[in-house]
Amino acid sequence: MESSSNGLLTQVTQFWNLLDDLAESNPESYKSFIQQQLKEGKQLCAAPEPQLCLQTRILKPKEKTLFINLCQWKRIPAPQSTTDPVPLSVGRPEDMSETSDVYTVIDVAYNPDVLQAAEKDQVKKDQLIHMAMKCIEEQLQFTLSHIYHITKFKIKGSIQRMKQNLMGIQTGPTDLREKMRKELTLEQISSSTLSNSDHSPQLLLPKDQVSSKKGCLIEEISRTEIQVEMKRPAYELKMVADENEKPLKIELKVELPGINSVSLCDLSVSEDDLLIEVSEKYRLHLNLPESVDTEMTTAKFIKEKATLIVTMPLV
């Protein structure tokens, strides 16, 4: 025990001597190194924040309602270019219940810049959502319905639960600081004095939080693995009124050339939006002009015209 303490003391002494030498010989590098450590330490301690919540279904191994909390987290790096894979982190699934309803919640985190860019581009947002679903399927061996709708609430479950799930922290703040302190090794500091400030060492995550596949916190999913070209079909959306011009229902006609069976059509309707996906060929997402009665909504497929007709009575 004593020799171990002496060895640690020697390392600490060498650590401070290296910093002192760096401060004297190259003040700019010393300043850059300290600023980098403070920045990365702040990112390491930053908690994920909820962005939006999706509702879909787990089809296999057991059919169940699934809520996916998409979160922004500074700890997740942003891709360096548009051709790089987009990093993300997937939390463990948690089963919850409200009265007799049982559902699963999964938390997924992206870099804040990635999510903010997607907020301005519906295509990018849709790609990130499907990327998260694909990653969940691959990591957890689930089969998901890729029909989803964005809920009116930002997060399912508590924020504290989501933070603990993604961060994997079961210890208190003091223990976390101790882990971070141990991970900043002498070799890292030493190597930084021999290289320029562009290669400053990084605070490493505790090993129990690192993926064994990639040696980093997150799984990287290549865009080329998950993108499927899905066309936006031609459609006609109209409001149907009674003889007194009172709106009664919304009628949607969607042309689906090449489709000859209603079994290939996957339809999801909420009170204020609608999503149709067809055999990885077509995708149509619409915001509805009025709230509709989802229980009374009907759909029929006219095979001869390859046309899907959806009738949605107003609430």
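These legends accompany several close-up views of a predicted model.

Local features are drawn from residues with pLDDT of at least 70 and side-chain atom pairs from pLDDT 80 or more, while totals for chains, interfaces and linings use all residues. Numbering starts from 1 along each chain as its sequence is written, and side-chain values use heavy atoms, with hydrogens and water left out.

**View 1. Overview of the protein.** The secondary structure comprises 8 helices and 15 strands. Helices (H or I, at least four residues) and strands (E, at least two) are DSSP runs, numbered from the N terminus. Of the 315 residues, 40% are buried. Buried means under 20% relative accessible area, exposed over 50%, and partly exposed in between (1.4 Å probe, protein chains only). The accessible surface is about 18,800 Å², and carbon and sulfur atoms account for 49% of it. Areas follow the Shrake-Rupley method with a 1.4 Å probe; for residues, only the protein chains shown count as cover. Take the contacts between residues at least 6 apart in sequence: 61% of them join residues at least 24 apart. A contact means heavy atoms within 4.5 Å.

View 2. Strands β9 (residues 235-241) and β10 (residues 247-255) run antiparallel, joined by 7 bridges. Two strands pair if DSSP finds at least two bridges between them. E236 sits opposite K253 of β10. The hairpin has 5 residues between its strands. In its turn, E245 has a positive phi of about 65°.

**View 3. Strand β15 and its partners.** β15 (residues 307-313) pairs with β10 in the antiparallel sense, over 7 bridges. Here E255 stands opposite T307 of β15. Strand β14 (residues 298-302) is also antiparallel to β15, with 5 bridges. In that pairing K300 stands opposite I309. β14 and β15 form a hairpin with 4 residues between them, and A306 in the turn has a positive phi of about 50°. Because 6 of its 7 residues are buried, β15 is largely enclosed by the rest of the structure.

**View 4. The β4–β5 hairpin.** Strand β4 (residues 94-98) runs antiparallel to β5, and 5 bridges join them. E94 has V105 of β5 as its bridge partner. There are 2 residues between the strands of this hairpin. T99 takes a positive phi near 55°.

**View 5. The nonpolar cores.** The largest nonpolar core holds 27 residues; I68, L70, V108, Y110 and I136 touch the most other members. At least two residues of this core come from each of β1 (49-60), β2 (64-72), β3 (86-90), β5 (101-110), α3 (112-119) and α4 (122-140). α4 gives the most, with 7 residues. Apart from this core lies another, of 19 residues, among them I250, V278, V292 and L314. A nonpolar core is a set of buried Ala, Val, Leu, Ile, Met, Phe, Trp, Tyr and Cys residues joined through side-chain atoms within 4.5 Å.

**View 6. Around Y110 and Q72.** Residues up to four places away in sequence are not counted for Y110, which touches L70, C71, Q72, W73, I76, V86, P87, L88, L115, L128, M131 and A132. Q72 lies in strand β2. Q72 counts as buried because its relative accessibility is 15%. Its side chain makes a polar contact with the side chain of Q51, at 2.9 Å. A polar contact is a pair of N or O atoms within 3.5 Å; within protein, one must be able to donate a hydrogen and the other to accept it, and residues adjacent in sequence count only if both atoms are side-chain atoms. Leaving aside neighbours within four places in sequence, Q72 is in contact with P48, E49, Q51, Y110, P112, L115 and Q116.

**View 7. Helix α5 and its end.** The buried residues of α5 (residues 159-167) are R161, M162, N165, L166 and M167. G168 follows the helix, with a positive phi near 65°.

View 8. C135 is buried, at a relative accessible area of 1%. C265 is buried too, at 17%. A search of the whole structure finds 0 disulfides. A disulfide is taken as a pair of cysteine sulfur atoms within 2.5 Å.
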